[in-house]
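I opened a new notebook page for this model. My entries follow the order in which I looked things up.

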Amino acid sequence: MPATTDGRPARTPPLLAEAQQRLLETRARAHAHCIACGAPAGDAPRLHFLALDDGSVEAQVAGRGSYEGYAGMLHGGVIATLLDAAMTNCLFAQGRCAVTADLHLRYRHPVASAQPCVVRAWIER
C-alpha cells in the first residue's frame with residue numbers, strides 16, 4: 001500500500017469514500033448536536049471534517065475574533081474543543097463512537113484568532 005509523506009499508509013479512493021460516508025453517517029446518528037461540528041448554533045464553528053487518504057481527518061477553521069481569549073489569540077478552551085472534535089470525527093471515519101474521558105493539553109504556541117487554520121487528527125496504533 002502506498003505511504004504518505006509521514007509514513008502512514010495512504011488509502012485508495014473507494015476506501016476514502018467509505019471512510020467519509022462512515023464519518024457523515026456516524027456523526028449524524030450519534031453527534032448531531034455537537035457545538036463544534038453539529039447543527040449550527042449561534043457563533044459555533046460548524047466544522048466540516050473530511051476523511052483523508054492517509055486515514056486522518058481535517059477541517060478548516062475560520063479565524064474569528066469572537067473566539068479570542070487574550071487579544072489576537074484563540075481561547076484555550078476553543079482550541080481544546082477543536083482538537084476534541086477532530087479526534088471524535090477521526091473515530092467516526094472508522095465507524096466508531098466514543099466520548100472523551102480525559103483530555104490533557106500542553107499549549108506550546110498561541111494560535112492566532114484572525115487567521116484561518118486547519119485542525120487534523122489521526123489514529124496511532
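Which residue stands opposite Val119 in E3? I found Ala59 there.

I noted the ground rules next. The model is predicted, local features need pLDDT of at least 70, side-chain atom pairs count only at pLDDT 80 or more, and totals for chains, interfaces and linings use all residues. Residues are numbered from 1 along each chain as its sequence is written, and side-chain values use heavy atoms, with hydrogens and water left out.

I listed the elements: two helices and three strands, in the order α-β-β-α-β from the N terminus. Both kinds are DSSP runs, helices (H or I) of at least four residues and strands (E) of at least two.

I then traced the sheet. It is open, with three strands in the order E1-E2-E3 and antiparallel pairing; a pair requires at least two DSSP bridges. Strand E1 (50–51) and strand E3 (117–121) each have a single partner strand, so one side of each has no neighbour in the sheet. I saw that strand E2 (residues 57–61) is joined to E3 by five bridges.

I checked Leu83, which lies in helix H2. Leu83 counts as partly exposed because its relative accessibility is 32%, between the buried limit (under 20%) and the exposed limit (over 50%), with a 1.4 Å probe and protein chains only. Of the 125 residues, 30% count as buried.
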